[in-house]
Amino acid sequence: MSQVDQATWRAVLARAASALGSSLEARRLLEEVAGLDAAGVALALDAPADPAAVRCLALLVERRRSGEPIQHVLGHWSFRTIELTVDARALVPRPETEVVAGHALAELARRRAERRVEDASDPGHSPRRAAALAAVDLGTGSGAIACAIVSETSDVRVVGVDSSSEALALAAVNRDGLDPRAADRFALVEGEWYGGLPVDLRGALDCIVANPPYLAEQEWPGLDPVVREHDPYAALVAGPSGLEAIEAIVAGAPAALGPGGALVLEIAPAQNVEARRLATAAGAFRVEVARDLAGRDRVLVAQWTPGARSSRQSR
Ligand SMILES: C[S@@+](CC[C@H](N)C(=O)[O-])C[C@H]1O[C@@H](n2cnc3c(N)ncnc32)[C@H](O)[C@@H]1O
């Protein structure tokens with residue numbers, strides 16, 4: 001084909017959008033094959049399309065049309081400030097989980113402020129207080145939450161625990177893609193919930209964060225086929241009631257947290273009342289449920305022991 005006969009990116013984009021029934025997805029795939037960002041695509045629309053990139057786009061459009069999630073077709077997806085590799089080894093990180101990570105970061109910021117007050121009132125500065133803040137991401141999957149925490153802080157160490165070796169292999173890819181100053185603070189352990197926690201962290205955690213499976217077995221057949229066929233069953237389904245993982249994580253939290261530490265747990269909106277009840281019954285003195293970006297009850301935050309009064313509180 002001569003340069004004159006070549007289709008423009010605009011025409012290629014229109015064809016892809018019509019095949020996919022989504023101009024947004026067509027743009028994302030076009031950005032991928034053209035190696036451009038959104039602004040670059042906008043500037044290139046009337047330029048002739050590169051034939052090799054057009055062939056590549058046709059393959060991606062076909063994969064998407066056959067039911068693969070857009071995230072798997074692209075092979076990467078953004079989560080807060082980072083770009084993660086995503087594939088069938090672990091759940092594709094969801095937007096509501098970005099909110100969960102934000103609450104974990106807020107609890108860690110609270111603990112950081114409390115530590116300063118504790119240090120100021122203890123001129124001896126015990127080694128425990130001088131150490132980095134400690135968190136665990138239970139059911140780390142792709143490592144999304146842990147990667148976000150170590151990327152957005154400089155003093156938090158996170159252990160990511162998962163029972164799936166495949167998920168852990170993907171989490172390792174994501175960790176190793178971070179700036180080494182962040183990656184060095186993220187360790188991975190294969191295990192069942194708190195069973196994977198290193199002994200020295202038991203009773204010393206500043207934050208437990210988890211997005212556990214929370215669907216009931218009977219909900220699985222009714223899920224969107226794109227989810228059912230491409231996300232791992234064990235990442236989504238907890239058991240007959242859907243509350244099994246939440247119960248285990250709440251029950252183990254008081255023994256795993258250090259003074260002032262908090263549990264930040266993603267839940268399904270309908271589990272709001274039961275999740276509050278579980279945390280209260282386990283002795284938590286502070287129990288809150290925060291909403292996701294769609295306004296749905298989504299994040300249980302629970303605390304069992306007070307930390308030092310922050311400087312703002314003590315004024
Ligand atoms: C909903 S996915 C969350 C993945 C990731 N944290 C995220 O938010 O995208 C739940 C994760 O919990 C893991 N998991 C399920 N049961 C577990 C158990 N008993 N112990 C540890 N991890 C478990 C699954 O393998 C899966 O990776």
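Let's start inside helix α8, where Ala-144, Ile-145, Ala-146, Cys-147, Ala-148, Ile-149 and Val-150 are buried. Buried means under 20% relative accessible area, exposed means over 50%, and partly exposed lies in between, with a 1.4 Å probe and protein chains only. Seven of the nine residues of α8 are buried, so the helix is mostly covered.

A word on what we are looking at. This is a predicted model: local features need pLDDT of at least 70, side-chain atom pairs count only at pLDDT 80 or more, and totals for chains, interfaces and linings use all residues. Residues are numbered from 1 along each chain as its sequence is written, and side-chain values use heavy atoms, with hydrogens and water left out.

Now the overall picture. The protein has 15 helices and 11 strands. Helices (H or I, at least four residues) and strands (E, at least two) are DSSP runs, numbered from the N terminus. Of the 315 residues, 50% are buried. The C-alpha trace spans about 75 × 45 × 35 Å along its principal axes. Take contacts between residues at least 6 apart in sequence: 66% of them join residues at least 24 apart. Contact here means heavy atoms within 4.5 Å.

On to the sheet. Which order do the strands take? Seven of them form an open sheet, β5-β4-β3-β6-β9-β11-β10, with mixed pairing. The edge strands are β5 (186-190) and β10 (286-291), and each pairs on one side only. Neighbouring strands are turned by 20 degrees against each other on average, direction ignored. Two strands pair if DSSP finds at least two bridges between them. In general, strands of a sheet pair through backbone hydrogen bonds, either parallel or antiparallel.

Look at β3, residues 133-138. Is it buried or exposed? Six of its six residues are buried, so β3 is largely enclosed by the rest of the structure. In a regular strand, side chains alternate between the two faces of the sheet. Both faces of β3 are covered: Leu-133, Ala-135 and Asp-137 are buried on one side, and Ala-134, Val-136 and Leu-138 on the other.

Six bridges join β3 to β4, and the two run parallel. Ala-135 has Val-158 as its bridge partner in β4. For Leu-138, the partner in β4 is Val-161. Six of the seven residues of β4 are buried, so this strand too is largely enclosed by the rest of the structure.

Another parallel pair is β6 (residues 205-210) with β9 (residues 257-266), over five bridges. One link there: Ala-210 has Leu-265 in β9 as its bridge partner.

Helices pack on this sheet. Helix α9 (residues 165-176) touches β4 (156-162) and β5, and its direction makes about 170 degrees with that of β5. Helix α13 (residues 244-256) touches β3, β6, β9 and β11 (297-303), and its direction makes about 165 degrees with that of β9. Axes are lines fitted to C-alpha atoms, for helices over the stretch in contact, and angles run from 0 to 180 degrees between N-to-C directions.

Now the largest pocket. How much space lies in it? About 990 Å³. A pocket is an open set of points on a 1 Å grid over the protein atoms alone, where a 1.4 Å probe fits, with protein on both sides within 12 Å along at least five of seven lines; lining residues have an atom within 4 Å of a point. Grid points are joined across faces, edges and corners, and the volume is the space filled by probe spheres set on the points.

The lining has 48 residues, and Leu-91, Pro-212, Pro-213, Ala-235 and Leu-236 lie nearest the centre. Elements giving two or more residues to that lining are α6 (95-120), α8 (144-152), α9, α12 (233-236) and β8 (237-239).

Stay with β8 for a moment, because Ala-238 sits there. At 24% relative accessibility, Ala-238 is partly exposed. Leaving out residues up to four places away in sequence, Ala-238 touches Pro-213, Tyr-214, Leu-215, Glu-244 and Ala-245.

Last, two loop residues. Arg-80 is in the loop between β1 (76-79) and β2 (82-85). Arg-80 is not a glycine, yet its phi is positive, about 50 degrees. Its relative accessible area is 31%, partly exposed. Trp-193 is in the loop between β5 and β6. Phi of Trp-193 is also positive, near 40 degrees. Trp-193 is partly exposed at 21% relative accessibility.
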